[in-house]
Amino acid sequence: MMEIGLNHYLILSTILFAIGLVGVMRRKNLLLLFFATEILLNSVNIAFAAISHYYGDLTGQMFAFFVIAIAASEVAVGLGLLIVWYKRHGNIDLDSLASMKG
Amino acid sequence: MEKYLYIALFAPLVSSLFSALFTATPKKTFTGIIASLLIFSAFVSSSILLTHILGGGEPIHVEMMTWMATGDLYIPFGFVVDEISVTMMMVVTLVSTVVHIYSIGYMDHDKGFNRFFSYLSAFVFSMMILVMSDNYAGLFIGWEGVGLCSWLLIGFWFHKESATWAANEAFIMNRIADLGMLVGLFLIYWNTGTLQYEGSFAAFAHLDTTTLSWIGIFLFIGAMGKSAQFPLHTWLADAMEGPTPVSALIHAATMVTAGVYLVVRSNELYSLIPHVGLFIASLGAFVAIFAASMALVNRDMKRVIAYSTLSQLGYMFAAAGLGAYWVALFHLMAHAFFKALLFLGAGNVMHAMHDELDPFKMGGLKKVMKWTYIMMTFASVALAGLFPLAGFFSKDTILEAAFAEHHFVIYSVLLFTAGLTAFYSFRLTALIFEGEERYKLFGIHPHEAYKYMLVAMSPLLILAIIAGAFRTTFFGMVEEILGAMEYHIHSHVTLWIMTIGTQVFVILAIMYAYKKYNNAKITVPDGTSAMENSFMYKLLLNQYYIPYAYEKYIVVPYREMSEVFWTHVDLKIVDASVDGIAGIIYNTGDRTSAMQSGNLSTMLKWMVAGLLGMLSLAVVFGLAVRYSDEILAILSGLGV
Amino acid sequence: MVDHILSILIFFPVVAALFGVIVHKDSIRAYGIAVSVIEFALSLWLWFAFDGQSSGMQFMESIPLIPAFGINYTLGVDGISVFIIILSTFVTLIGIASLGEIKNLKNMIITLLVLQMTMSGVFAALDAIIFYVFWELSLVPMLYIIGAWGGPLRIYASIKFFLYTFAGSLVMLVGMLFMAYFYNQATGEWSFAILDWYRLILPENLQLWLFVAFFLGFAIKVPMFPFHTWLPYAHGQAPTIGSVILAAILLKMGTYAFIRFSLPLFPDASVFFMYPIAVIAIIMVIYTAMVAYGQKDIKQVIAYSSISHMGIIIIGTFALNVEGISGSVFLMLGHGVVAGALFFLVGVIYDRRHTKIMSEFGGLAHSMPRYATIFGVMMMASVGMPLTINFVGEFLSLLGFFKQSQILTLLAGVGIIVGAIYMLTAYKKLFFGEITNEENRNLPDINKRELVALIPLTFLAIWLGVYPKPVLDPINTSVESIVQLMHDKAQTAEAKRRIPSPLSQMTIPVSSIEEAH
Amino acid sequence: MLDPVNISLESLNLTTLAPMLIPIVGALLILVMDTIKGGLDKSLYVVISMLFMGIDLAALLSASDMFSVAGTMMGAFDVMLIDGLAILAQLIIVGASLLFIPLALTGKRFHEFSYPEFFALFLFMMSGFQFMVATDNLILIFVGLETASLALYTLIALHNRDKSFEAAVKYFTMGALAAGFFSFGSMIFYALTGSVEINQIATVLAANNYADIGYVLIGTVFMLASLGFKVSLVPFHTWTPDVYEGASAAMAGYMSIVPKIAGFIVTMRLFEFLIHSHVVWLEYVLYGVVVVTMTAANMWALVQTDVKRMLAYSSISHAGFVMAAVMIGTTQANTALFLYWILFSFTNLGSFSMLWISRQKSLPDHQSSDHSYNKFAGMIHTAPVAATIMTLFMLSLAGVPPFALFWGKLYMIGSAVSAGYTVLALIMALNSAIAGYYYLKLVVYMLMKDPVAGVSGDTYTRNATLSLKTVIGIAAVGTIFAFIAINPLIEFITSFVYNSGY
């Protein structure tokens, strides 16, 4: 049985972050895109919690809490915008957001 | 005495400005009269100054004011009346007085009467500055000034394309030479520290020959332009487009001799560099015969006289180049008288013939134009150098000088040229005045010129006849300043043989000319005769094809090159590269602005791409730092 | 008041311009003339109060502006700048007085007054940054003049003019900052004062780099080959008044700056770059003269002729001796008068015919004799006829450079030939021959308003050609001190030799040899 | 039983918190007022906001007094850090906000200003930025950043146009990504050093002599990406033009100044110690990013057809310019950063305000977009004063002396030269020249083109009211007479920056 150490958490965090990044790049649906950003932020939370435990210092966990809080408010604002957009355009497709360019 | 100097100098300026006041108004005879009077007063002043100098008076030297002064350079408006300049002043004021009076009649019907006098007097003023200045810079003022007036006067009838073309040609050709002159001036200044004649002459003695030669050469290049020496000679014949009094004054008597004056004035320089002098003499001799040959066949009365002027300038340079400065100056003076007379006579003929210039279309004019006939004949005799007229004394001395200096080639060339001179002079008089009255075919009714014009010409006639008598006086006057070189052929017998031989040769030439052209069979050539189709004739008539060569190999390429420089180099290379840089910047912006597609997904990708790009750089760098020792080892192994 | 005359000269026009906004547009011409007369009178007073014997800066003013960075509002004039200032007020005066009926006259006059401020400012500034401020600011009114009153390509021309100059001067600004930094390194103080910089002796390789940086800014302004292509467009498109001021004053900023900055700050670099620059100048002289010959538009001819003449000015400047530099300063004035007048003259026919193509004309001497006369005088001045203003400058410039290189001077001298060629040809095309185009037959001759501009310029062109002393003397005094400074600062033996000290007696071979005897 | 935690109030040093708390109080007050009595006029909220900003300013000034006496202060469990940078940045933030808020008093009615929430959010945003600059704790920076950003997204969306929503969504999404980067970066530094306080991080890294340079670099990369997004460095800039176009002109002007200065302060705190510790990699990368940002943004600005987008690209370019100061990192450069930004805020706010007062409800035929260049054709003839002022702002942005921004550029390039970055100085100079083109293009349209038929002068001022004109007037005066203020500014800023150890 393998001992689960800090590195594993960090690697997991990194993998999750990468998944989030890919999601951010690939998703065409605004809602799913928001999910991807949530994955990004939460992947960091894992790492913070792990490192915090590793150092025996609470700062990391505090950071994680703040990240959670911010992620929550982001979702609130984001969903608000999304709803308005949906009301106006009837879709939440990323490609419809291209009236400005150049 | 200074007051006379100033009168002589500024009376022409006043005259010019006075006439200039009326340029916009119709013809006013009094402008001509007042101008003539003012020039005459300059003549009187010059005469007074001449008597002063002849009477052994000190040269008069005045410094009016500073012109340019900066650094070590100091150039005043300074004027000097010494033996050389007073001679020139006499020639200039006398001929110009005559020409002014003559012009009142000649320009009688011209719209630009007042303007003409303004220009003419301005020319006299410039010429006076040229000859009276006490430094090279002042001389250069006059030098350029006469060039300007010459441009104005050649192009006086500016509605004529040919006239304005000739004017521009004259100006530009002179400019080429002026550059040489300017360089000469610079050389003088940087080597002697001054442009004053006195100072620089004093310093010449201490300079090395190479420098002196360069100075001499560049000054002479200047002289070549003004005196229309080969290869800058083409403008003089074309300058005959100007009114005939202008040709008489500027392109015969005064301006074109400025080059000779320059060499004579710089005699202290040229006497130090005899090899340059020899070159000048050789070129002079060459021009003498070269110009005379072109005069042989030309069918334009004024051009014939112009070539003869050119030829005589060659004589003067030959003399000056051989060190016989006083002879050159003397010939300059004598030549001024008879050549001006010849031109003015030609002017009378032109007037009579309604501006017809082809002597073949004249003939028999002596019946209607007796006085003109007499004057022109005397002038031609003087030009041919027959005893006892002026030309004999001056020209013969040149031959003697060449002989005495043992330059026999130059001597023979000049001697031969004397024959040619006699021939074309009398070809001209014969064609104009003798023989059938061919002009009747063209329905022209010639008439003699105004009386006062003839009277005005009379001083020239007299001087053309008697000027030779002043030879000794003149020599006495200038010997101190120009070197006491009286040329004597050692053996009296040789001298007599030479003199008589020359005379006989000349007379034979005259007789041949009369025989050939004073007969009833002369008709207006139509290009069919054998002679006209001969190579030599064509060569001479086309002035050795030099003007064509200039046109084809200089003027046209210059024009084309200018065009290319503008349309290809300036617009397509220099400007286009500037615009090209701007264009590259703009186009780069234009193309790459596509990255701002407005698509959120793309924007996010750019962010991630930026992150990944920097990450990879960081990884590379991090690895490089971690393995720096190994990398260095590998690199040193590779010999870097 | 005379202590602050320079500030007054600079700021009076701009204050007047601000008040001019209130003036009704029907009276603006009178207002403009009144203001420019006062300005001109002030500049004459400056001349009157100026001590021509003193070589130093006069009427110095200094107010700390940004002392923390060594920037002070420092003004002062010497013999080199004082006459250009006077010329600028003069040209502005006659420019405003002779303005024709144009649209938006009010805007034009206000712009001209602002431009006047910048012109006085550039030549009076003794602080690099103040100099730079006015230098750049002068672009703006000119941009507006070309762009708003110009020909069909005016926008292209004005933007090109602005950006090209702007780019060059920004590089120059970096040079100035570096200079200040170096000063800071050397003394521990920040200073942009030119007179402070004069006291610095820079290492030679640093001089080279800085010289290049300054050179770019100046060369574009002058404009030197191959940076000259904005000029034909600017001139070709600008209205008459714009061309006049551009040619008469604005181009002089570049050549003036060479003398004010490049030479005294970088004497060794000046010697180092003397030959390359002379070659460029020769290209300017000959090449642009040929290009001028190829033009079809008379205004372009004059525009290219300006470049050609600026070549001679550059040659004179880089003669690095008193004769040459004095000559080039004088030629700046001369070219200002003559090129200004020529552009005025072109404006005269343009007003009448609305074309500048030479083939449209011909035989104008018949219908406009007075015009032809003044044009003729100015043309002769332009080709450097002695006793006109340009000759003095050209002669001295070439004379000066002859000391440095005889061959190059000879080549530069070709300018007097090629200059005559394009000028005479253009004159012939315009004035000589029969009238071929009926429209030209009844053109009115030059009128009073135009004479107001042209008579004074003609008078100046001849007066200063015959008697340059009152102007040349103060120039000479100041130039001597600059050359002395350069000589003292020069480090390499080559530079010491190339820049003769004007205070030591000139070594004439005569004296030395006579002593030897 | 746990011991009660005893913390003296002094040690909390609550004065350090005052400047941030004041806007929050103001915001809450506005919300409370609205709950008590709805439908109050916007002018009331404008005045209240300004009042609180005034108090904020006063608090800042007293803080600056204290700073000049006592030096850097810590407070609130050593989370707050009031040093020179913080004070200067807050002054800029509050000052710019003071100029911005009166722009709400437009002639036309606009949706967003009718909500009191707009003003409350605005004040929250201010406080968020103030927190962000006044701490070196990464957590607080993060919190401040997100508070401000979330408020900002909403403010943009409140403009209530299709484009504003699009802009808000774009900004929000990218902002969320950037937040992810920031937190990841913080995590790495935390992992490396066990601290989230920048000076602690610096100390620890210096102590182990940057042993884990690779990880430091990776953390730096994430931070740079996140902050680069905030200050719009290429290639993280893509939101800028779209968001500026979508937001109201006034808001765009505000966004070009305040969020960026906050971002710059954080970059200065975070990167300068790295650069000074000879992390050359960062120096090179920043060099590259700075050059690319300046140049590329300039090139894109060249090809714009809309003035507002042009100004957006131009502010990217200006940001690149200022970022150079961070890279150079000398006291002079940091001073130049503040000086530049103060002058830039005057000019840029002024020019965006000019666009703001010409805001139209509907698009005329000859215009391709709301602020297209041809809208301004011939403006000098129809609205001479407005055209002159706009010209002034454009010239100032282009760096034509003696207008405001010239002095900023001068000092900035000067600092580059003094630090030995001559090539960079040249690049900066040449970029200013390129930038000249697009500013000039507007000038050309205004001064040299003929007006479109039927366009009258009030096209450009239909939104103008006294308060808007006052703001523009202040900006114009500030732009023209900047040269008087440069010296005191330099001296003031230098002392603050120097005493903060930068």
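Let's start where two chains meet: the contact between chain D and chain B takes 27 residues from chain D and 26 residues from chain B, with two residues counted as in contact if their C-beta atoms, placed from the backbone, lie within 7 Å. This is a predicted model, in which local features need pLDDT of at least 70, side-chain atom pairs count only at pLDDT 80 or more, and totals for chains, interfaces and linings use all residues. Residues are numbered from 1 along each chain as its sequence is written, while chains are lettered from A and ligands numbered from 1 in the order in which they are written.

**Chain D against chain B**

- On the chain D side, helix H7 (162–193), helix H9 (213–230), helix H10 (239–246) and helix H13 (280–302) each give two or more residues; helices (H or I, at least four residues) and strands (E, at least two) are DSSP runs, numbered from the N terminus.
- H9(D) gives the most to this side, with eight residues.
- Sorted by class, this side of chain D has 22 nonpolar, three polar and two charged residues. Here Ala, Val, Leu, Ile, Met, Phe, Trp, Tyr, Cys and Pro count as nonpolar, Asp, Glu, Lys and Arg as charged, and the others, Gly among them, as polar.

**Chain B against chain C**

- This contact takes 46 residues from chain B and 51 residues from chain C.
- Among the elements giving two or more residues to the chain B side are strand S1 (60–70) and helix H23 (546–592).
- The most comes from H6(B), with 16 residues.
- The chain B side divides into 25 nonpolar, 13 polar and eight charged residues.

**Chain B as a whole**

- Chain B holds 25 helices and two strands.
- Its C-alpha atoms fill a box of roughly 115 × 65 × 50 Å, taken along the principal axes.
- Of the 640 residues of chain B, 55% count as buried (20 or more other C-beta atoms within 10 Å of a residue's own; exposed means 12 or fewer, partly exposed in between, with C-beta atoms placed from the backbone).

**Two domains in chain C**

- Chain C is split into domain 1 (1–266) and domain 2 (273–466), with bounds that come from an automatic or database domain assignment.
- The centres of these two domains, taken over C-alpha atoms, are 23 Å apart.
- Between them, 31 residues of domain 1 are in contact with 35 residues of domain 2.
- H11(C) supplies the largest share of the domain 1 side, twelve residues.
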